[in-house]
Amino acid sequence: MNILMITGATRPENKTARAVKLVQNYLKEKYPQISLTTVNPNDFTLDFDNHDQNPEYLKLVSEANALIILTPEYNHGYPGKLKSLLDCAFKEYKDKHVLLGGVSDGPFGGARAIENLSPIIKCFSMIMSKADMIFPTIDKIIDADGKSLDAEHYSRVTKVIDEFIVRVS
C-alpha cells in the first residue's frame, strides 16, 4: 500500500511537524509494509492553480492508494497554500480514501480547519474517513521529536489510523 501524506504547514519550525512525525513513526513501526511519502506545499511550484504545473505531484497522487492530510488551523481555516496544492489535481483524487487531521495550539485541535476542508474533499469525490485525527494544544501532547506526551490522546489517534488502514486495505 502506498500512502501520500500532505501537510498543510509551510511556516518554518511549524508545530504541525510534531503530529507529522508522530504519524510517520507510528505507521513505520506498526505497518512497515506501507510506503509513506510526505509532502507539503513548499515542495512544489504554486504560482497559480494549474493541473499541468506540478506533474510530480500528480504522479504522487495517482500512485497513492490513500491520502492523509494533516493541516494546521490558521484563523479557523486551513492554509491557502494547501488549497493551492490540492487544486493542482482533480481526477487523480477520485475514489481515494483520505484521513484528515488538524493541529492547533488551542483546545479544538484543528477541527475548524477540517470542517472547512471537508467540502473540498467531497468535491474531489474522495472517500473521507468518518473519524479525524485531532491534535489540540500540540505543545502539551507531542514533543518536538514526534513522541507522545499524552497516552490517552496517542491511543485515540492510533485507533483512528488503524481503522483507516483497515478500511483502505
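## Salt bridges

This predicted model holds eight salt bridges. One of them joins the side chains of lysine 15 and aspartate 105, with 3.8 Å from N to O, and this pair links distant parts of the chain, since lysine 15 sits in the loop between E1 and H1 while aspartate 105 sits in the loop between E4 and helix H4, 90 residues apart. Lysine 15 counts as partly exposed because its relative accessibility is 33%, whereas aspartate 105, at 54%, counts as exposed.

Another salt bridge pairs arginine 18 with aspartate 139, whose closest N and O atoms are 3.6 Å apart. Here too distant parts of the chain are linked, with arginine 18 in helix H1 and aspartate 139 in helix H5, 121 residues apart. Arginine 18 has a relative accessibility of 18%, so it counts as buried, while aspartate 139, at 36%, counts as partly exposed.

## A pair within helix H6

Glutamate 152 and arginine 156 also meet in a salt bridge, at 3.1 Å from N to O, and both lie in helix H6, four residues apart, or about one turn of the helix. Salt bridges that share partners join Lys15, Arg18, Asp105 and Asp139 into one network.

## Helix H6 and its surroundings

Helix H6 runs through residues 151–168 and reaches 26 Å from its first C-alpha to its last, close to the expected 26 Å.

Several residues of H6 are buried, among them Val157, Ile161, Phe164 and Val168. The elements that cover the buried residues of H6 include strands E1, E3, E4 and E6, together with helices H1 and H5.

Conventions. Residues numbered from 1 in each chain as written. Predicted model: local features only at pLDDT ≥ 70, side-chain atom pairs only at ≥ 80, totals over all residues. Heavy atoms only, no water. Helix = DSSP H or I, 4+ residues; strand = E, 2+ residues; numbered from the N terminus. Expected span 1.5 Å × (residues − 1). Buried < 20%, exposed > 50% of the residue type's maximum accessible area, 1.4 Å probe, protein only. Contact = heavy atoms within 4.5 Å. Salt bridge = Lys/Arg side-chain N within 4 Å of Asp/Glu carboxyl O.
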